[in-house]
Amino acid sequence: MSTVPSPPTHHRRLRWQALAGFIAMSAIVGVVAALAVATRSEAHNALIRPSWAPPGWLYGPTWTALLLAVAIAGWGYWRTDGETRGFAFYGVCLLLTLLWTPLFFAGGAHALALADVVVLDFMVPVTMMEFGRRSKLAAWLLVPYLLWLLYSTAVNAAVVWLN
C-alpha cells in the first residue's frame, strides 16, 4: 500500500510564515492602490464614467477580499511545491495589479491603464491554468479576481471612450 509522503519538516514549519508572506505581498498591492485612490486628481474626479461603474466605496472592500483570495491562492500553490513558472506568472499578475491603480487613478494615464489591465486579463487565466495543474483550489480562488478584472477592463475602456 502506498502512502502520500508528508511535506518536508522545514516546509511544515514555514507554512504559516509563508502565508504571512503572501498576505504581505498582496497587502502591499492594496496599500499602493489605496494611496493612488487617495491622491487622485480633480481631473480624475471630473471624468465621465459609465452609469454601471461601481461606487467609490465598493473598491476598498472588494479589493481587500480579492487580494486576500489571491494571497491564499499563491500560498496554496506554494504548499504543493509549485513550480517557478507558476510563481513567475503570479508575480507578473501582482505587478500588473500594483501598476493599474496608480496609472488609472493617480496618473490619469487611462489608456495605459487599459493596456495594463488587458494584459492582466490574459495573465490571470494563464496563472490559473498553471496553478490548476497542482491545486484546483488555488486556481479557483483566482476566479473572483479575474471576474473583477474583466469588469474593471470594461469600466476602464468606457472611461477611455467617454473621455
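Before going on, a word on what we're looking at. This is a predicted model, where local features need pLDDT of at least 70 and side-chain atom pairs count only at pLDDT 80 or more, while totals for chains, interfaces and linings use all residues. Residues are numbered from 1 along each chain as its sequence is written, and side-chain values use heavy atoms, with hydrogens and water left out.

Okay, the overall picture. The protein has 7 helices and 0 strands; helices are DSSP runs of H or I with at least four residues, strands are E runs of at least two, and numbering starts at the N terminus. The C-alpha trace spans about 65 × 25 × 20 Å along its principal axes. There are 163 residues, and 40% of them count as buried, meaning under 20% relative accessible area with a 1.4 Å probe, protein chains only.

Now for contacts, which means heavy atoms within 4.5 Å. Take those with a separation of 6 or more: 80% are between residues 24 or more positions apart.

On to the inside. A nonpolar core here is a set of buried Ala, Val, Leu, Ile, Met, Phe, Trp, Tyr and Cys residues joined through side-chain atoms within 4.5 Å. The largest one has 40 residues, and among the members touching the most others are Trp-63, Phe-131 and Tyr-145. At least two core residues come from each of H1 (9–38), H3 (56–79), H4 (84–106), H5 (110–132), H6 (136–140) and H7 (143–162). H3 gives the largest share, 10 residues.

Let's zoom in on Trp-63. Leaving aside residues up to four places away in sequence, Trp-63 touches Thr-97, Tyr-145, Trp-148 and Leu-149. And what follows H3? Asp-81 does, with a positive phi near 60°.

My last stop is Asn-156, over in helix H7. Is Asn-156 buried or exposed? Buried, because its relative accessible area is 0%. Again not counting residues up to four places away in sequence, Asn-156 touches Trp-100, Phe-104, His-110, Ala-113, Leu-114 and Val-117. Compare that with Gly-132: Asn-156 and Gly-132 are 24 residues apart in sequence, and their C-alpha atoms are 29 Å apart in space.

Methods. Buried < 20%, exposed > 50% of the residue type's maximum accessible area, 1.4 Å probe, protein only.
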